[in-house]
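Please look over the sequence and the structure before reading on.

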Amino acid sequence: MPIRNLIFVAFVEAVAEGRVFPRTEWPLHITLVRFDVKFDVGTPAGADPADPIARLAEGPAAAALGAPLTMGEDAAFGRNGSVPVNLVEPHPALQTLHEQLVQAVSDVGGRILTPAHTLAGYRPHVSYHGTKRLHPGDAVVLDRVALVDMAPGGDHTIRRVLRLWSRDGES
């Protein structure tokens with residue numbers, strides 16, 4: 001069975017379902033959970049193998065939309081602290097969404113790539129991209145939750161927004 005690399009994120013910049021972008025040009029986002037999942041090559045014509053995980057995510061995503069979030073202090077993640085980030089102040093709706101998506105991944109037999117950074121170890125953050133960043137104290141609304149393919153068609157240089165749940169159906 002082929003493996004698909006997927007990620008749930010909460011975008012803090014406008015995006016549209018189906019958008020494709022280079023892996024180096026992510027819109028600002030909060031990572032919710034990154035995972036691999038095997039999918040059945042016998043998926044009926046016209047059906048996306050990501051449909052089962054998207055269906056499980058729909059309710060939790062809808063319930064979290066509208067949560068007010070505040071950017072916290074700057075930090076450094078990754079190998080040798082090479083990734084500058086803004087932490088996101090704790091919020092129950094964001095934590096609940098993360099936990100429910102982790103459960104959805106488990107329910108479809110997915111494998112979480114960073115298990116130490118899930119559940120109690122989850123530290124929501126927004127990575128900087130050059131001058132494109134948020135600042136401590138900035139307020140954002142959790143208004144776009146998405147399922148993103150990390151290698152559509154096997155191309156690891158691009159990303160594709162597979163599903164987008166947004167407030168008032170906007171994208």
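Predicted model: local features only at pLDDT ≥ 70, side-chain atom pairs only at ≥ 80, totals over all residues.

Strands, which carry the letter E, are DSSP runs of at least two residues, and they are numbered from the N terminus.

The largest pocket has a volume of about 860 Å³, and its lining is made up of 28 residues. Among these, Thr-31, Arg-34, Thr-114, His-125 and Ser-127 are the ones nearest the centre of the pocket. Strand E3, covering residues 29-38, and strand E7, covering residues 125-127, each contribute at least two residues to this lining, and it is E3 that gives the most, with 5 residues.

The second largest pocket has a volume of about 170 Å³. Its lining includes Gly-72, Glu-73, Leu-87, Val-88, Glu-89 and Pro-90, together with His-91, Leu-94, Gln-95, Tyr-122, Arg-123 and Pro-124. At least two lining residues come from each of strand E4 (67-77), strand E5 (83-88) and helix H2 (92-107).

The classes of residue in the two linings are set out below.

**Two single residues**

Arg-144 is found in strand E9, which spans residues 144-149. Is Arg-144 buried or exposed? Arg-144 has a relative accessible area of 13%, and because buried means under 20%, this residue counts as buried. Its side chain is joined to that of Asp-143 by a polar contact of 3.0 Å. When neighbours within four places in sequence are left aside, Arg-144 is in contact with Val-9, Ala-10, Phe-11, Val-12, Glu-13, Ala-14 and Val-15, and also with Leu-65, Leu-164, Trp-165 and Ser-166.

Leu-113 lies in the loop between strand E6, residues 111-112, and strand E7. The relative accessibility of Leu-113 is 29%, and since this value falls between the limits of 20% and 50%, the residue counts as partly exposed. Which residues does Leu-113 contact, leaving aside its neighbours within four places in sequence? They are Arg-34, Phe-35 and Asp-36. For Asp-36, which is 77 residues apart from Leu-113 along the chain, the separation of the two C-alpha atoms is 7.2 Å.

Definitions and conventions. Residues numbered from 1 in each chain as written. Heavy atoms only, no water. 1 Å grid on protein atoms, 1.4 Å probe; cavity = no way out; pocket = protein on both sides within 12 Å on 5 of 7 lines; lining within 4 Å. Points joined across faces, edges and corners; volume = space filled by probe spheres on them. Helix = DSSP H or I, 4+ residues; strand = E, 2+ residues; numbered from the N terminus. Buried < 20%, exposed > 50% of the residue type's maximum accessible area, 1.4 Å probe, protein only. Polar contact = N/O pair within 3.5 Å; in protein donor to acceptor, adjacent residues only side chain to side chain. Contact = heavy atoms within 4.5 Å.
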